[in-house]
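Please read the points below with the model open beside you.

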Amino acid sequence: MDMDELKHVINSFSFDRCKKGNQGFNRCLIQLFGLAGHGKSSFINTCVYVWQDGEYKNWAKAAEGYGGKTTERIPHKITSNITLVDNRGWPKLDGYGSGEIFAQLGNLLPLGRGVEFTKGFGLVEKIVRSEKLVKDSDFIAPVFVHSVKHIIPTEEIEELKSVLHTAREMTGIYPIVVLTHKTYGNLTTVESSFRDMGIERIFAFENYTQEDHFKTRGRHEEVLKFLQEVIKDAQFRVEHQTRNPVKEMHDRKQFVMNYVHQREKKMEQEGLERKKALDRAMREKELKRQEEEFERERQRRKEAEEAELRKRREELERQRSAEQARYVEIQAQQQANAKGGKKFLGFFSKKK
Ligand SMILES: Nc1nc2c(ncn2[C@@H]2O[C@H](COP(=O)(O)OP(=O)(O)OP(=O)(O)O)[C@@H](O)[C@H]2O)c(=O)[nH]1
Ligand SMILES: [Mg+2]
C-alpha cells in the first residue's frame, strides 16, 4: 500500500463500519504511556506532523532538553475517529504514580486536566469524581513508549514486564511498543529485551523534533503503518469480539481501585516489615552494647584481680626477702657471737 492509500484507510476508519456495528465505541484513543522523558510528546508531534504534512510545530510541547515535562492528559485529534493521548509519564517504574499511570491508561481520569501523583487512597476519590467527565465510548489502544537510549537493566526487566502485563490485563490488549531515538545505537538490544518480555508489535522511530524535522519517506511511512496497525487491531476486536464498553469501563475502574488497594496493602506491609527490621536492628544493637559492656566489666574485674594477685605476690616476696635478710642477720650475729665466746674461753685457758 502506498502512502496515499494508507492515509485513506486511516482517514476513513470508523467503528460504525465494523461488521457487527460499533458496539458502543465511537473513537479510538491511542494511549501513550511510559517513563518520563522517553519521547511520548515527541512521538505525538511526529504523528501530527506526518498526518498534516505541513509545517513542523511542537504541538505536544515536547521537552526542550532531555527529561520530559508533560503533567496533563492531552488529546491530539488525528481524524474524527482517532485521537492520540499524551499522558503524564512515570518518574520511576516502581515508585508512587503507578496507580495514576494505569488510571490514565484506563481512561478513568479526564482529558485536558493535570495529573497529580497521590499517596494513599486519593486516587480512588479522583476516579470517582471523574466519572462524569470520562467517556466509556472510547476504545483504548495502549502504546508503551520507550527510548533505546535506556538499555533495560536486568533488575528492571521483571518490573517492566509486570507493567506491560498489567496494561494487557486492564485493557485486554498487549501494548504496542514504540521505541524512540532509533538511531542511537542500542536498538537491537532494547528490541530484543521487549521481545523476551513477550511483546510482538514493536515500532522504532527517530522522532521528528524541533532540531531535526527534515521529512523522510522512511519516517512518514513508518508512522502511517503504525496508525494502520492500531486501527486494524481495534477494528478486528470490535468485529470479532462481543464488547460492552460500559461494562469494560466499570471493570477497568474496579481493576485500578483493586490495584490501589493492593498497592496500599503492599506499602503498609513493607512499612511494617521496615519497622520490624528497624526494631530488630535496634534490639541487636542494644544486645551488642550490653555484651560489650559485660565484656568490658569482665575485663576490668580480671585486671583488678590480677593487680591484687600481683600486689599480694609482691608483698609475699617482700616479706620473704625481709625474712631472708633477718635470717642472714641472725646467722651473722650467731657467728659473731660464737667467735666472741671462743676468744673469751681462750683467755681463761691461757691462764690455766
Ligand atoms: N533525537 C531524538 N530526540 C528525541 C526523540 N524522542 C524524543 N526526543 C527528545 O527527548 C526529549 C524528551 O522528549 P519528550 O517527547 O518531551 O518526552 P516525554 O516522554 O513526552 O516526557 P514526559 O512528558 O515527561 O513524559 C526532548 O528533548 C525530545 O526532543 C527521538 O526519537 N530522537
Ligand atoms: Mg511529554
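Which residue just after helix 5 takes a positive phi?

1. Gly172 is the residue in question, with a positive phi of about 85°. Bear in mind that this is a predicted model.

2. Helix 5 covers residues 154–171, 18 residues in total. From its first C-alpha to its last it reaches 26 Å, close to the 26 Å expected at 1.5 Å a residue.

3. The buried residues of helix 5 are Val163, Ala167, Met170 and Thr171. Viewed down the helix axis, these buried residues fall within an arc of 85°, so they line one face of helix 5. The face turned away from the buried side carries Thr154, Glu158 and Glu169, which are exposed.

4. The sheet is open and has six strands in the order 2-3-1-4-5-6, with mixed pairing. Strand 2 (74–79) and strand 6 (202–204) are the edge strands, each pairing on one side only. From one strand to the next, the twist averages 25°.

5. Strands 2 and 3 (the latter residues 82–86) run antiparallel and are joined by five bridges. Within this pair, His76 stands opposite Leu84 of strand 3. Helix 2 (residues 40–52) packs on the sheet, where strand 1 (27–33) and strand 4 (138–147) are among the strands that helix 2 touches. The direction of helix 2 makes about 155° with that of strand 3.

6. The largest nonpolar core has 62 residues, and Cys28, Ile30 and Ala141 are among those with the most contacts inside it. Helix 7 (residues 217–240) gives the most to this core, with eight residues. Leaving aside residues up to four places away in sequence, Ala141 touches several residues, including Cys28, Ile30, Ile173 and Val230.

Methods:
Residues numbered from 1 in each chain as written. Chains lettered and ligands numbered in written order. Predicted model: local features only at pLDDT ≥ 70, side-chain atom pairs only at ≥ 80, totals over all residues. Core = buried A, V, L, I, M, F, W, Y, C linked by C-beta atoms within 7 Å. Buried ≥ 20, exposed ≤ 12 C-beta atoms within 10 Å, placed from the backbone. Helix = DSSP H or I, 4+ residues; strand = E, 2+ residues; numbered from the N terminus. Contact = placed C-beta atoms within 7 Å. Expected span 1.5 Å × (residues − 1). Arc of directions from axis to C-beta. Pairing = 2+ DSSP bridges. Axes fitted to C-alpha atoms, helices over the stretch in contact; angles between N-to-C directions.
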